[in-house]
Amino acid sequence: PTPLIELEKLRVDFGGSGGRRVRAVRDVDLTIYQGETLGLVGESGCGKSTLGRATVRVTEPTGGTIRYLGADITTLRGAHFRQTRAELQMVFQDPFGSLNPRRTVADIVAEPLLRARRTPRPEARRIVDDLLDQVGLGREAGTRRPHEFSGGQRQRIGIARALAPAPTFVVADEPVSALDVSIQAQVINLLADLIRERGLTMLFISHDLGVVRHIADRIAVMYLGEIIEIASRDDFFAGPAHPYGEALLSSVPTLSRQPRRERIELTGDLPDPAAPPAGCTFHTRCRYAVDRCRTEAPALTEVAAGRQVRCHFPLLPVKGPA
Ligand code: SF4
Ligand code: MG
């Protein structure tokens, strides 16, 4: 597989010197391969959204490197960045907040196309009509305004807008979390179809493992600004290798034919991200924690092919010399 996005030591800090500084994203190394959907999971406040936004520079990183198709785009500016930006798009949780109520749906969807690609208007019009058809709203929707649509339909508008400049990579940040459960599956199926038809690469952010399971090829788990586990979807759902992943998965209802998993309660709240615990940052909530965990921070380590874990005692047989 060919890397599309490569993050190296990516860091995002909030807050100034002297004050409360939150390291929202802490030295993340992550590769997203062409054509895959990577599910980024974790509790709210763990830095998933910030990492997603920083990957496409909607939020500027404080440190580290972003490579897109091998080229360093971390500090790209001007016309070159505008071109790259067109290829890296975002779908947000609440499209309503970002859809201008006074503009027509056609204008809203066309906007990134006109701005980022400088597409002539007649051509933009054709692209918008086709997109509105593809997302199931129909081109007639173009003359209406956002408030005339339901939540699920508005998310379809948000998706059409993100796809208008023909991106190669889309960050979808909790795209169905604000929707009724009955509508969630429709929007997920639409996204899955669009990914397949357009050969899109996607970073799909969600706190909901049940949703991620339907769409992701691989899973990355975040905790307090760090990636703590990366695995294929099947490996992860067969049994996470990190105690945090194990606890997260144990809280997802299983299908009736599957063996019942023991439910593992996560004790305590997410620690203050401005003052993460020493050693393994998960030690305050880990049921396997020992003294070493309180002082020595584990590195993200490959424990099997395609499988990385940040834990001194991964829940897997570790291959190689003992
Ligand atoms: Fe738990 Fe220790 Fe592993 Fe951290 S390093 S997840 S505290 S067992
Ligand atoms: Mg978020």
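Biologist: Which residues does Leu315 touch, not counting residues up to four places away in sequence?

Modeller: A word on the source: this is a predicted model, where local features need pLDDT of at least 70, side-chain atom pairs count only at pLDDT 80 or more, and totals for chains, interfaces and linings use all residues. Residues are numbered from 1 along each chain as its sequence is written, while chains are lettered from A and ligands numbered from 1 in the order in which they are written. Taking contact to mean that two C-beta atoms, placed from the backbone, lie within 7 Å, the residues that Leu315 touches are Gly239, Pro240, Ala241, Pro243 and Glu246.

Biologist: What distance separates the C-alpha atoms of Leu315 and His242?

Modeller: Leu315 sits in the segment after β12 (307-309); strands (E, at least two residues) and helices (H or I, at least four) are DSSP runs numbered from the N terminus. Leu315 and His242 are 73 residues apart along the chain, and their C-alpha atoms are separated by 6.2 Å.

Biologist: Does Leu315 count as buried or partly exposed?

Modeller: A residue is buried if 20 or more other C-beta atoms, placed from the backbone, lie within 10 Å of its own, exposed if 12 or fewer, and partly exposed in between. Leu315 has 16 such neighbours, so this residue counts as partly exposed.

Biologist: Let's turn to the ligand. How many nonpolar residues does the shell around ligand 1 have?

Modeller: A residue is placed near the ligand if its C-beta atom, placed from the backbone, lies within 6 Å of it, and among those around ligand 1 are Cys280, His283, Cys286, Cys293, Cys311 and His312. Ala, Val, Leu, Ile, Met, Phe, Trp, Tyr, Cys and Pro count as nonpolar, Asp, Glu, Lys and Arg as charged, and the others, Gly among them, as polar. The shell has no charged residues and two polar ones, and the nonpolar residues number 10.

Biologist: Why is strand β7 largely enclosed by the rest of the structure?

Modeller: Phe169, Val171 and Asp173 point one way from β7, while Val170 and Ala172 point the other way. The strand (residues 169-173) is largely enclosed because its buried residues number five of the five.

Biologist: Which residue of β7 is the bridge partner of Met90?

Modeller: Strands count as paired if DSSP finds at least two bridges between them. Strand β6 (residues 88-91) runs parallel to β7, and four bridges join them. In β7, the partner of Met90 is Val171.

Biologist: What is the hand of the crossover from β7 to β8?

Modeller: β7 and β8 (residues 201-206) pair in the parallel sense over five bridges. Between them the chain passes through helix α7 (residues 181-198). With the strands pointing away from the viewer, a path from the first strand over the helix to the second that runs clockwise is called right-handed, and this β-α-β crossover is right-handed.

Biologist: In β8, which residue is the bridge partner of Leu38?

Modeller: β8 is mostly covered, with six of its six residues buried. Strand β3 (residues 37-41) pairs with β8 in the parallel sense over five bridges. Within β8, Leu38 is partnered by Leu203.

Biologist: Does Glu174 count as buried or partly exposed?

Modeller: Glu174 lies in the loop between β7 and α7. Its phi is positive, about 50°, although it is not a glycine. With 21 other C-beta atoms within 10 Å, Glu174 is buried.
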